Amino acid sequence: MDGKQIGIKTSAIEEKCQAFETLVIYCSTLGSRFAPYLSQSLELALPALRFYFHDGVREASALYVALLM
């Protein structure tokens, strides 16, 4: 943020990261059967691409969006 590097680790942020990693697994495993959840999933994943406080959340959501496409 503005050239400064910060790091925040809380259980809620770690759970958010784990949730996106789990969605990546579900999406890759289920393939086209995951289609009914596509719009709801994108509503959650797109804002997470700008999540400043945890690199893991951004990485997992970026991978997830790529799988959804």
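Visitor: In what order do the elements of the protein run from the N terminus on?

Guide: They run α-α-α. In this predicted model, the protein has 3 helices and 0 strands.

Visitor: How do you know how much of the protein is buried?

Guide: A residue is called buried when its relative accessible area is under 20%. Buried residues make up 28% of the 69 residues here.

Visitor: Why is His-54 called buried?

Guide: His-54 has 12% relative accessibility, and the cut-off for buried is under 20%, so His-54 counts as buried. You can find His-54 in the loop between H2 and H3. Its C-alpha atom is 9.9 Å from that of Thr-10, although the two residues are 44 apart along the chain.

Visitor: And why is Tyr-26 called partly exposed?

Guide: Partly exposed is the range between the buried limit of 20% and the exposed limit of 50%. Tyr-26 has a relative accessible area of 47%, so Tyr-26 belongs in that range. This residue is found in helix H1, residues 11–30.

Visitor: What makes the nonpolar surface patch that includes Tyr-26?

Guide: Ile-25, Tyr-26 and Leu-30 make the patch, which covers about 290 Å². A patch member needs over 30% relative accessible area, and Tyr-26, at 47%, passes that cut-off.

Visitor: Let's turn to the inside. Which residues of the largest nonpolar core touch the most other members?

Guide: That core has 15 residues, and those touching the most other members are Phe-20, Cys-27, Phe-34, Ala-45, Val-57, Tyr-64 and Leu-68. The elements giving two or more residues to this core are H1, helix H2 (38–48) and helix H3 (55–68). In soluble globular proteins, nonpolar side chains tend to be buried together.

Visitor: Which residues is Tyr-64 in contact with, leaving aside its neighbours within four places in sequence?

Guide: Tyr-64 is in contact with Phe-20, Leu-23, Val-24, Cys-27, Phe-34, Ser-41 and Ala-45.

Visitor: Why is the pair of Phe-34 and Tyr-64 called edge-to-face?

Guide: Two values decide this. The ring centres are 6.3 Å apart, and rings count as a pair when their centres lie within 6.5 Å, so Phe-34 and Tyr-64 form a pair. The angle between the planes is 80°, and over 60 counts as edge-to-face, so that is the name for this pair. Phe-34 lies in the loop between H1 and H2 and Tyr-64 in helix H3, so the pair ties together parts that are 30 residues apart in sequence. Both residues are buried.

Visitor: How many aromatic pairs does the structure hold, and which residues do ring pairs link into a cluster?

Guide: The structure holds 3 aromatic pairs. Ring pairs link Phe-20, Phe-34, Tyr-37 and Tyr-64 into a cluster.

Visitor: What makes Arg-58 and Asp-55 a salt bridge?

Guide: The closest N and O atoms of Arg-58 and Asp-55 are 2.2 Å apart. A salt bridge needs such atoms within 4 Å, so this pair qualifies. The structure holds 1 salt bridge. Both residues lie in helix H3, 3 residues apart, about one turn of the helix.

Visitor: How do you know whether Arg-58 and Asp-55 are buried or partly exposed?

Guide: Set each value against the limits of 20% and 50%. Arg-58 has 26% relative accessibility, so Arg-58 counts as partly exposed. Asp-55 has a relative accessible area of 47%, so Asp-55 is partly exposed too.

Technical notes: Residues are numbered from 1 along each chain as its sequence is written. This is a predicted model: local features need pLDDT of at least 70, side-chain atom pairs count only at pLDDT 80 or more; totals for chains, interfaces and linings use all residues. Side-chain values use heavy atoms; hydrogens and water are left out. Patches are made of residues with over 30% relative accessible area and no salt bridge: like charges are joined within 9 Å, nonpolar side chains (Val, Leu, Ile, Met, Phe, Trp, Tyr) within 5 Å. Accessible areas come from the Shrake-Rupley method with a 1.4 Å probe; for residues, only the protein chains shown count as cover. A salt bridge is a side-chain nitrogen of Lys or Arg within 4 Å of a carboxyl oxygen of Asp or Glu. Helices (H or I, at least four residues) and strands (E, at least two) are DSSP runs, numbered from the N terminus. Buried means under 20% relative accessible area, exposed over 50%, partly exposed in between (1.4 Å probe, protein chains only). A nonpolar core is a set of buried Ala, Val, Leu, Ile, Met, Phe, Trp, Tyr and Cys residues joined through side-chain atoms within 4.5 Å. Contact means heavy atoms within 4.5 Å. Rings of Phe, Tyr and Trp (its six-membered ring) pair if their centres lie within 6.5 Å; planes under 30 degrees apart count as stacked, over 60 as edge-to-face and the rest as tilted.
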